[in-house]
Amino acid sequence: MKKFFASLLAVAMLAGCSSGSASGGEKPSGGEAAPSGGETSSDVTTYDVGVAIYQFNDNFMTLYRNEIEAYFKTLETDSVKYNVTIVDGKNDMAEQTNQVNTFITQGMDVIILNLVQTSSADALIQKVVDAEIPLVLINREPLAYDKDGNTIDEAYEGILNNAAVCYVGADARQSGTFQGEIVAELPDHGDINGDGKISYVMIEGDPENIDAQYRTEFSIKALTDAGYEVDCLTDQVGNWDQTNGQTIAANALSQYGEDVEVIFCNNDAMALGAAAAITAAGRTVGEDIYLLGVDALDECVEMVNNGTMTGTVLNDAVGQSHTAVDVAVKALNGEAIDNYYWVDYVKVTK
Ligand code: BGC
């Protein structure tokens, strides 16, 4: 049902969009009204694409946005071009709201949105839907909750109720589970001092993000589900940031010393910071401490290979950005889109 309406809506949108001539081989001829907001010559259709990123100063989202831009380029042909504008929300919701308003005024043909705050999802979705612009949400999933406050999968009404709105992401439960499994699979299962429990430090991303919540929960759940005892020495918020990761790890190492057996970081940026703190404290990964991240940034994969990180989990920026772009192009072409698209995580160990 949704697909059917999505299709109708997208076709209707195309009628009013700068690049409507792209579908079905029809090209505007001579006196026909040119669709608003874009450049259409008789030979070339240019789609205007607005991409709003929560913050440029984020290693993972930098890979993601660069790949969005690069992949759109590869899809260009002699007759179809994509004019991609990418803006930096600077981790400021008011700034991002202005940017989305500007995209609407500029008559973007599709918008790809990495929200600063998922709590603002409804307001922004409504603006974009009212402007009849297809919307692809990425990376930060707006969530639906049941009456007990538990999350419900694939149930966000702003997505379900709007045919031209979707979310592209990865299920962060998987990444957390993989982190825990990597520790469980170690010869000593993370219990370096043999006291029967895994004593760990947790360094969390932005707690508003479900990626941070799920990674924190499921990394430990994988261990307890496998029958291991755990002891949380400290659990601190590092907001995805390398410097915060370093400070939190340094403080934990000075406070808990040898007791720290595993440092779980919700992302690789914070793990890079923790790695520096581990070295500064005279500790050695793989010998007297373990270090886990998520994202599989190039430098962290290298560290896993040379043993200075225990493991990470590939957060597939290429897979996610290509899916987001493919879905955006589908919507531009008047094809139906689904509500949710998922890309798998992959365990990275030596
Ligand atoms: C990534 C983090 C990134 C965050 C931004 C997460 O999925 O793992 O590295 O900072 O997304 O929202």
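## Where α8 meets α9

Let's start with a helix pair: Q242, G245, Q246, A249, A250 and L253 in α8 are in contact (heavy atoms within 4.5 Å) with A269, M270, L272, G273, A274, A276, A277 and I278 in α9. Sorted by class, this contact holds ten nonpolar, four polar and no charged residues. Here Ala, Val, Leu, Ile, Met, Phe, Trp, Tyr, Cys and Pro count as nonpolar, Asp, Glu, Lys and Arg as charged, and the others, Gly among them, as polar.

Two packed helices are described by the angle between their axes and the distance between the axes. For α8 (residues 242-256) and α9 (residues 268-280), the angle is about 40° and the axes are 7 Å apart. Axes are lines fitted to C-alpha atoms, for helices over the stretch in contact, and angles run from 0 to 180 degrees between N-to-C directions. α8 and α9 are therefore oblique to each other; angles under 35 degrees count as roughly parallel, over 145 as roughly antiparallel, 65 to 115 as roughly perpendicular and the rest as oblique. The crossing of α8 and α9 is right-handed, a term for a near helix turned clockwise from the far one by less than a right angle, with anticlockwise giving left-handed.

## About the model

This is a predicted model, in which local features need pLDDT of at least 70 and side-chain atom pairs count only at pLDDT 80 or more, while totals for chains, interfaces and linings use all residues. Residues are numbered from 1 along each chain as its sequence is written, and side-chain values use heavy atoms, with hydrogens and water left out.

The chain has eleven helices and 14 strands. These are DSSP runs numbered from the N terminus, with helices being H or I of at least four residues and strands E of at least two. Of the 350 residues in the chain, 52% are buried, where buried means under 20% relative accessible area, exposed over 50%, and partly exposed in between (1.4 Å probe, protein chains only). Among contacts with a separation of 6 or more, 74% link residues 24 or more positions apart.

Helices α3 and α4 (residues 121-130) pack at about 5°, with axes 10 Å apart. That makes α3 roughly parallel to α4. On the α3 side, M93, T97, V100, N101 and I104 meet L124, K127 and V128 of α4. This contact divides into five nonpolar, two polar and one charged residue.

## Two loop residues with arginine partners

N209 sits in the loop between β8 (198-204) and α7 (210-225). N209 is buried, at a relative accessible area of 5%. Not counting residues up to four places away in sequence, N209 touches R140 and W240. The side chains of N209 and R140 make a polar contact at 3.2 Å; this term covers a pair of N or O atoms within 3.5 Å where, within protein, one must be able to donate a hydrogen and the other to accept it, and residues adjacent in sequence count only if both atoms are side-chain atoms.

D153 lies in the loop between β6 (151-152) and α5 (157-160), and is partly exposed at 44% relative accessible area. Leaving aside neighbours within four places in sequence, D153 is in contact with R173 and Y214. The D153 side chain makes a polar contact with that of R173 at 2.8 Å.

N91, in the loop between β2 (80-88) and α3 (93-106), has a positive phi of about 55° although it is not a glycine. H189, in the loop between α6 (172-184) and β8, is not a glycine and has a positive phi of about 55°. N91 is partly exposed at 41% relative accessible area, and H189 is partly exposed at 29%.
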